[in-house]
Amino acid sequence: MEQLRVLLVDDESDFLETLVKRLRKRNVEVAGASSGEEALRVLREIPIDVVVLDVRMPGMDGIQVLREIKTINPLIQVIMLTGHASVEVAVEGMELGAFDYLMKPANLDELLYKIQDAYKAKTIQEQKIGRLRELERAGG
Amino acid sequence: MPVGHSSRVGLPLRPRRLLRAASCPALLVTHRQSPFRVCPASHLRSMGHGRELVDVTPRSPLYAGLQRKIIFLTLLVSFVPLVLLGGTLYWQFSRIYREKIDEQLRYRAATHGNAVDLFLSERTAFLSAIADTHSLEYMLQPGNLASLLEVMNLRVGGFVDLGVIASDGRHLAYVGPYHLEGLNYYDQPWFVQVMSRGLYISDVYMGYRQVPHSVIAVRHQEKGRIWILRATIDSDVFTKLVRGAQVGRTGDAYLVNGDRINQTAPRFSGEGAVLAQSRIDPSKFGEGTTVLAEPGPEGRNRLYAGVWLRNAKWLLVISQDPAEKMLGLSQARNLEIGIVIAGALAIIFTVILTTRLMVKKLVEADRAVCEMNAQLVQSDKLAAMGKMAASVAHEVNNPLAVISEKTGWALDLLEEEEFQQSKNLEEFRRSLRKIEEHVERARKVVHNMLGFARRMEPHTEDVDINQVIDQTISLLENYARTSNIDIQTHLASDLPIIASDQAQLQQVFLNLVSNAIDAIGNGGSIEVSTRQLDGNIYVNVKDDGPGMTPDMQKKIFEPFVTTKSGGKGTGLGLWVSLGIVEKMGGTITVESKVGKGSTFTVKLPIVVPEKK
C-alpha cells in the first residue's frame, strides 16, 4: 500500500501540533495547517489523500475550505471535526461530499480508523477511475 | 450515502434525525411564531418575570370589577331609554286623558248652564206673557190668581207662589203657601230694580219666609197704571236642575252668584251650604266655560268648570275629583309600570347572566393565554439556557481537546525506551490515564449540555427510554452526590424502541429526578425504574423525601405551583412535563404520603417507529 498523506487543519495550534506529533509517531505522513488558507496552499503544493478539517475556524470556515478542496481535487477525502453543536454544519459538509465527521475531542484510534477508511475509499475510487481510463484507452 | 455511513460507525449523534429536522424549517417557524401572534404584548410583559402570579379566576378583583362595570353600563344604557320612554308615554297619555276630562267637564257645565238658562227664560217669558194677557182687575178678582198659578205650574212648573204688587210697593194680591198680602216691598232693592228695568230675577235669598228662594218679577204698564207680577221659585228647583251634573262619586254641581254666595246647596258640605259663602271665587271664571284646578275640601286638587248664566249673574260650577276619572289612567300607569318593571327585571337577569358568561369565557381565554405565555416563558428560558450551554460547551471543548491530545502524546512518549526505565513509570501512566478518564467525563457533560441545547425543536425519532434515563441521571449524578443522594435504576431490558422526542422526554425525566433531589434535600435515595405493560411504558421516579399532602398533590401540576422556597423553582417544571407527556398521549400521576416520600409515574404509549 502506498504511503497515505494526511493534512490536519485546525486553528488551535496546541491541538494541531500535538495531533501531528501523535500521528507521525504512528507512522502517518502528516502535515499541519492552522487556517483554511494555509491548508489550500499546502494542498496545491503536495499531494494529500485525506484532510482532517476543523469546522469552526476564524477566516475561512470548514465548509468553505471543503468546497475549495473539492474543486482542487474531488478525490481528496475530508473528515470534518466538529467541536460543538454545529452538527448541522457537519451534515451540510457531508452533503457537500465530506467523507465523515468526528466530535472533538476525538479518540485517536477512532480518528486513525476513519483516516484509513477514507484512504481506502479514495484508493478504490482511484482504481475505478484508472480502470475506466484503461477501458477508454482500449476502446479508443 | 454519507448518512448511512456515519451510523455504521456508531457515533453518538443522530444525523438522520437532524436531516429530517432541517428539512422542515417551515414547521419549526410556525411553532415558534404562533404564540407571539395571539399574545398581546402586555401579557407577555406581565408574564416576563415568570413568577408574577396572575389570578385568572372569576372572583379576582380585576374580573369582578370588569363584570361590575359591564353590568352597570349595560343596565344604564338599557334603563335610561326604557324609563324615558315609559315616562314620556305616561306623560303624553295623562295629558291627553286630562284634556279629555277637562273637555267632559266643560261640556257638562255648558249643557247644564244652558238648561238653567232655559229654565229661567221660560219662566220669565211665561210670567211676562201672563202679565201681558191679563188685566189688573182680572188678577185682583179672587180666585183668578190661584187659577193662573195653577195654569203656570201645569204648563211650565216650578212656581211656588204668585203675587201682584202695585207701583207703590203694596202687595195687592197673593196666592201661595205664605200669607204675604199687605206687605210693602217699596224699600226692597228688587222692587226698585224691577220698577226701573221692567224685569228682575233675584239671587236666592231667605226673605220674609225663611226659605231659600228666588224671585222673578216683571213690570206691566196698562193704561198709565204700573203693576208688577211677581213669582217665586224655590231654590230647590235649581238644586234639582243642576243635580243632573253631579256625576259619579265625587261630581258636584251648584250655582254661585257674583258675590260668592252659593245659590243652591252643593252636594258636598265642604263646598259651603246654600246662601253661605262658596269655596269658589266666581271672579276667577271668565267668559265662556272656564276649567280650573283648585284644592278641594279634602285638600286634594279638584277640577272646577264654571259657566256664567245669561239670565242671572250666576255661575254654574261643576266640580269633579280627577282621581275618580283618572282611574283608567292610573290603571294604564300601573300596567305600564308593571311592564317596565318586568322588562327591567328581564334586562337585569339577562345582563347579569350574559355578563357572567362573557367574563367566564374571558377568564378561560385569559387563562389559556397565561398558560401559553407560561409555556412560552419556559421555552424562552430553555432556549436561552440552550444557547448558553452551547457556547459554554464550545469554549470548554477546545481546551478539552488539547488536554486530551497532550495527554495522549504524553502516553505515547511514555512508551519510549528512556521512560521505560523510570521507577515512576506506572505512576505517570496512571496519572495520565486518570486525566484521560476525567477528560472523557468532562466531554460527556459537554455533550449532555449540547443535547440540552438541541432540545428546543420538537421532532420524532427512535428513542430508547432506558438510554434517555441513563443520560438524564448522568447529568444529575453530581448534583445528587453533593446532596448525599443515591440514585438507583431498575430498568427493564425488554423495552422497545419507540417513536418519540428524546429531548423532550429527557426534559421530563430531568424535571422529575431533579424535583426528587430537591424534595429530599439532603441524604436519601431515588429509585428510577421502567417496565412495559399493556402497550405502555411506565417510568417510576420514587423518592424517600418528605412527601406531600393530598391538597398539594392536587395542585402540583398547575403552573406556578412550587414547594421550593426562595424562588428556587419556577413552578413550571411539572406543568411543562405534563404538557409534554400528554402531547405524546401519556400521563403523569403521583402517589405520595407525608413522611413516606413520593412516586411519580410516567405512562407513555408505545408508538412503534416507522420502518425505514
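Modeller: In chain B, Arg260 (B:Arg260) sits in the loop between β6 (252-257) and β7 (289-295); strands here are DSSP runs of E with at least two residues, helices are runs of H or I with at least four, and both are numbered from the N terminus. The model is predicted, so local features need pLDDT of at least 70 and side-chain atom pairs pLDDT 80 or more, while totals for chains, interfaces and linings use all residues. Residues are numbered from 1 along each chain as its sequence is written, and chains are lettered from A and ligands numbered from 1 in the order in which they are written.

Colleague: What is the phi of B:Arg260?

Modeller: B:Arg260 has a positive phi of about 70 degrees, although it is not a glycine.

Colleague: How many other C-beta atoms lie within 10 Å of B:Arg260?

Modeller: There are 16, so B:Arg260 is partly exposed. With C-beta atoms placed from the backbone, 20 or more others within 10 Å means buried, 12 or fewer exposed, and in between partly exposed.

Colleague: Chain A now. Where is A:Asn27?

Modeller: A:Asn27 is in the loop between α1 (13-25) and β2 (29-33) of chain A. Its phi is positive too, near 60 degrees, and A:Asn27 is not a glycine.

Colleague: Is A:Asn27 buried or exposed?

Modeller: Exposed, because A:Asn27 has 8 other C-beta atoms within 10 Å.

Colleague: Back to chain B. How many residues of helix α17 are buried?

Modeller: In α17(B) (residues 573-583), 8 of the 11 are buried, so the helix is largely enclosed by the rest of the structure. Among them are B:Trp575 and B:Ile580.

Colleague: What follows α17(B)?

Modeller: B:Gly585 does, with a positive phi near 90 degrees.
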